[in-house]
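Have the model open in your viewer and try each task before reading its solution.

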Amino acid sequence: MKKFALAVFTFILLGSQGAACLADDLRPPLLLTGSHQRDSQDLSGPWTYSRDLYRTGLTDINGWVAKSRMQRYRDIDVAAEEAKGGATFFEFDMDRGPVMTIPGAWNAAQPELRYYDGLIWFQRKFNARELRGGRAFLRFEAVNYRAHVYLNGKEVGKHEGGFTPFAVEVSEALRAGENRLVVGVDSQHDAQSIPTQITDWDLYGGITRPVRLVYTPSTFIDDAMLHLNRDGSIAGSVQLNGPGAAGQQVAIRIGDIASVNVTTDAQGRAAVSLPAPRKLQRWSPDSPTLYDVQFAAAGDTLRDRIGFRTIAVDGSRILLNGKPIFLRGVSMHEEEFGPNPARNMSEQASRALLGEIKHKLHGNYVRLSHYPHSETTLRLADEMGLLVWSEIPVYWTVDWDNPAVLRKALAMQAETIYRDRNRASVILWSVGNETPVSAPRTRFHAAMAANVRALDPTRLISAALLVERDKDVTTINDPLLEQLDVLAVNTYAGWYGDDRLADLPGLKWNVPANRPLILSEFGADALAGYHDAGVKKFSEEYQAAYYRNTLAMADRIATLAGMSPWVLKDFRSPRREHPLLQNGWNRKGLLSETGARKQAFDVLADYYKQKN
Ligand code: GCU
């Protein structure tokens, strides 16, 4: 931590140089980029579990030593032990425990776990093959919130953060034949977590995305990235991992339009650059062209499907491939349709949501709020042609002055950027949502912005800012503006507060003239099917009128470059407990939780159709 605090200090002093060395320090030890196309075993399916509310199975920093009879991660056949009789007894049995389908949050799995917030141990038994000199890794796409991973009784890794992937090497712990994987998942958030305890979305604890056992040769390609430069040339990097990583030839092929060979340095890393391929079709929402890209080295191959496009700002315009674009979007949580969602974002579930935006709302953009969504969703955005705003959950407030918390945020950003930097759809990295202005907060966000610039200078940086109102004039008064490429604000005039709907079109915006502005949120609750001629709040009529008037207001903002109204679908939130109108759901969706379309949906769809 001392080293890190020093590094933070250096980077505040040195700016981008400091950020660059810090970014290197933040690189996840293992990336396994493209692992969904690797030789691997998907461990989805039935897992057994054991609740552990008092964390008896976890030896923790507070000096609690887990009693062996409570250590759920032990590689032990309890039934067989019990059959032997004798004094020894156990207060768990992972083999005969209740079963839950993984991936998916426990809150939706069992009624008694609906509001469970704490530690649960999960076990998956699986068969593995001989490695014959190769290596094996476990890759988790997301575990909310803290994960403690054991294989055959040995601790192989841990992770903090509910929405980003992590991988651990298990070449030594793995057995040929049957293996016992035990994962302790602790959903508890606190004042030092990201996010902290209070948000406007549901907890969704558990192993919420797929887990894979990945096989590789002894030397393999851990990461590879390519992007299009503004001059049309292509650049990137390759990182090998293993005894044969240094001085290795890497053959790179981009579909049938280009190829190049590079050689790795002593650290197994190689920079890639090649001139603009003549036949390159650029990626855009209207033509989301993706190329099959292959990296081959040391007998290993990494494949990915990559689109090539440029994104930039020019005064108050956002330029995609050099042309101005208006972002016709909506915000969305990672929550599938249905009355009892488990945050299990299968391809089908994700396609259903993104399809509403692309094909029904006539949208070309989605804000994936307030945390990194699943890799499945990002790949679908690439394939379907939807531009993406991506953020990590620095939401409302975090422990701004705490270097350990800053390190978590920067590490979470690094995990997200390394995971998604080959996704053409992603154009914006956001560093925060609705965080009240203060010096420690602005320093924190500035560090995040510098981190993003060091990790990925090819994309734009933004943040969803709060606004100030003086009578009918809205202003952004935030020192963080200097750090951002694109300004974004959340505004709820006409819902929170007492503005009359009729006054909305007349509201004035006092914002910088030479910067693109996005309305990152605006919205009003409506209970699907509740109609009121008097246009009362929570009625569909109110929400539709709210949209009409807010869009009229938006049309008068000269620097407006896009919007992502709040929100595509009603979503679960423990802060919304009106028994008749909300019942645990935030009702600002344009669609109900089961997909029923509200009147406002058509208001926005018509608006985007004429803007297209
Ligand atoms: C905020 C916040 C959202 C929240 C929304 C609301 O702006 O960013 O997470 O759900 O307002 O109040 O509905």
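**Exercise 1: helix 8 and helix 9**

In this predicted model, Glu540, Glu541, Gln543, Ala544, Tyr547, Arg548 and Leu551 of helix 8 meet Gln599, Ala600, Val603, Leu604 and Tyr607 of helix 9. Sort the residues of this contact into nonpolar, polar and charged, then work out how helix 8 and helix 9 are oriented to each other.

*Solution*

Step 1. The contact of helix 8 with helix 9 divides into seven nonpolar, two polar and three charged residues.

Step 2. Now the axes: those of helix 8 (residues 540-554) and helix 9 (residues 599-611) come within 7 Å and cross at roughly 20°.

Step 3. Angles under 35 degrees count as roughly parallel, and helix 8 and helix 9 are therefore roughly parallel to each other.

Step 4. To finish, the crossing of helix 8 and helix 9 is right-handed.

**Exercise 2: helix 6 and helix 7**

Find how helix 6 (residues 403-420) and helix 7 (residues 439-455) cross, and list the residues that make their contact.

*Solution*

Step 1. The two axes, of helix 6 and helix 7, come within 10 Å, with a crossing angle of roughly 30°. That makes helix 6 roughly parallel to helix 7.

Step 2. Look at the handedness next: helix 6 passes helix 7 in a right-handed crossing.

Step 3. From helix 6, the contact uses Val405, Leu406, Ala409, Leu410, Gln413, Ala414, Ile417 and Tyr418. Helix 7 supplies Phe444, Ala447, Met448, Asn451, Val452 and Leu455.

Step 4. By class, the contact of helix 6 with helix 7 holds 12 nonpolar residues, two polar ones and no charged ones.

Definitions and conventions
Residues numbered from 1 in each chain as written. Predicted model: local features only at pLDDT ≥ 70, side-chain atom pairs only at ≥ 80, totals over all residues. Heavy atoms only, no water. Axes fitted to C-alpha atoms, helices over the stretch in contact; angles between N-to-C directions. Helix = DSSP H or I, 4+ residues; strand = E, 2+ residues; numbered from the N terminus. Parallel < 35°, antiparallel > 145°, perpendicular 65-115°, else oblique. Left-handed = near helix turned anticlockwise from the far one by under 90°. Contact = heavy atoms within 4.5 Å. Nonpolar A, V, L, I, M, F, W, Y, C, P; charged D, E, K, R; others polar.
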